[in-house]
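Subject: Structure for you to look at

Hi,

Here is the structure I promised to pass on. Please open it alongside this message, and my notes come below it.

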Amino acid sequence: TKHIAILTSGGDAPGMNACIRAIVIAADRLGYQISGYLRGYNGLLDDQRITLTCERMHNLLQQGGTILHSARCKAFTTEQGLKKAADNLTKSNVDTLFVIGGDGSFRGAHALGQIWEGQIIGLPGTIDNDVAGTDATIGYYTAIETAVSSIDKVRDTADAFDRVFMVEVMGRHAGFLALSAALASASDYVILPERFSNEADTLTQICTQIQQRQAKRGPVSYVIVLAENVWPGGINDLCVRLASQSNMEVKPVILGHVQRGGSPVSQDRLLAVQLGTYAVTLVETSTSGVMVGTYEDKAVTVPLPQTWEDAKPLPDDAVTTMMTLMNERYR
Ligand code: F6P
């Protein structure tokens, strides 16, 4: 019988547990032996492995985080680390390794695939949605929801005080989360890595919009969504400079790791079970070194390198919609 192993790696994301559950249940149906490595690739290096059973999957689908724990593992990227991991997999007679994570985890998986004979299948799990070859990543939708509900609250107090707020959202170097959060919360402006030109123009644009609105309506509130890692001097520098140029108080809010937690929303659960179940159907095939993703809602496989070599573009429609709505507000 086949022995499959699962690990979760890199930034955890809501829905990782739902994905583990789907894999375990589908694999159990087929009579496979199922292991879970703890703390990402660290568990593979230290051979920290647990047995996963269907009983353990009870009430797991709705839980945030990952029962396998996660980590970023420097040692794994060395030649020595990869060799150790391959040896441990071989010693434990693992046939298939499922890696749930983002592009960093897939780079590691691909490198391992060069020296280990077994089957490797990646599943996209990250709140950033910055993995090419799939419409969405597990965790992305929940993170949007968390960001939107927080921005809604910021909007209440912004309105009450006619204040400017700068809300920083995660996304690493991609603007998916920022764009979706801004659109779904009717924020007034969004600063995205993919569309950022320069500091002076951005500040001027925001100030002009605030002033135009003030001229029309008197005191106004203004909520800006800032994608992390975009503004060279960081959010505090941006707030200070915007305050001095606009003559308004500008309050920073960093949403941070709340965006990584919580019970997954339905869309992430559905994606997790779709991809987890599909991944198990590949076990008896020769397919390896791929990530499973969705393309127009259908499960597909893509070679691992494609997931990071092709830059995933922001959806043009969403960008256009955001620009249109931003302009509408003060016309
Ligand atoms: O990749 C997920 C993510 O949350 C990014 O959005 C963020 O840039 C990064 O991880 C934060 O990493 P850490 O949890 O190690 O601070």
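First, some housekeeping. This is a predicted model, in which local features need pLDDT of at least 70, side-chain atom pairs count only at pLDDT 80 or more, and totals for chains, interfaces and linings use all residues. Residues are numbered from 1 along each chain as its sequence is written.

On confidence, the protein has a mean pLDDT (the predictor's confidence in each residue, from 0 to 100) of 96, and 98% of its residues reach 70 or more. The scores for the model are ipTM 0.99 and pTM 0.97.

An unreviewed UniProt entry carries the annotation "domain: Phosphofructokinase" over residues 4-282. UniProt positions follow the numbering used here, feature names are shortened, and annotations may be inferred rather than shown by experiment. Across residues 4-282 the chain is 45% helix and 16% strand, with its end C-alpha atoms 12 Å apart. Helices (H or I, at least four residues) and strands (E, at least two) are DSSP runs, numbered from the N terminus.

Now the seven-stranded sheet. It is open, with mixed pairing and the order β3-β2-β1-β4-β5-β10-β11; two strands pair if DSSP finds at least two bridges between them. Because β3 (49-51) and β11 (298-303) are at the edges with a single partner strand each, one side of each has no neighbour in the sheet. Neighbouring strands here are turned by 30 degrees against each other on average, direction ignored. (Axes are lines fitted to C-alpha atoms, for helices over the stretch in contact, and angles run from 0 to 180 degrees between N-to-C directions.)

Some pairings to click through:

- β1 (residues 3-8) and β4 (residues 96-101) run parallel and are joined by five bridges, with threonine 8 partnered by isoleucine 100 in β4.
- β5 and β10 (residues 290-295) are parallel over two bridges, and isoleucine 121 has valine 290 of β10 as its bridge partner.
- β10 and β11 are antiparallel over six bridges, where glycine 293 stands opposite valine 300 in β11.
- β10 and β11 make a hairpin with two residues between them, and glutamate 296 in that turn has a positive phi of about 45 degrees.

Helix α1 (residues 16-29) lies across β1, β2 (33-37), β4 and β5 (119-124), and runs at about 175 degrees to β1. Contact here means C-beta atoms, placed from the backbone, within 7 Å.

The other sheet to look at is open too, with four strands in the order β7-β8-β6-β9 and parallel pairing. Its edges are β7 (189-191) and β9 (250-254), each with a single partner strand, so one side of each is left without a neighbour in the sheet. The twist averages 20 degrees from one strand to the next. Within it, β6 (residues 164-169) pairs with β9 over five bridges in the parallel sense, and phenylalanine 165 stands opposite lysine 251 in β9.

Which residues surround the ligand? They are Gly11, Gly102, Thr126, Ile127, Asp128, Met170, Gly171, Arg172, Glu228 and Arg260, where near means a C-beta atom, placed from the backbone, within 6 Å. By class, this shell has two nonpolar, four polar and four charged residues. Ala, Val, Leu, Ile, Met, Phe, Trp, Tyr, Cys and Pro count as nonpolar, Asp, Glu, Lys and Arg as charged, and the others, Gly among them, as polar.

Best wishes

Note on methods. Contact = placed C-beta atoms within 7 Å.
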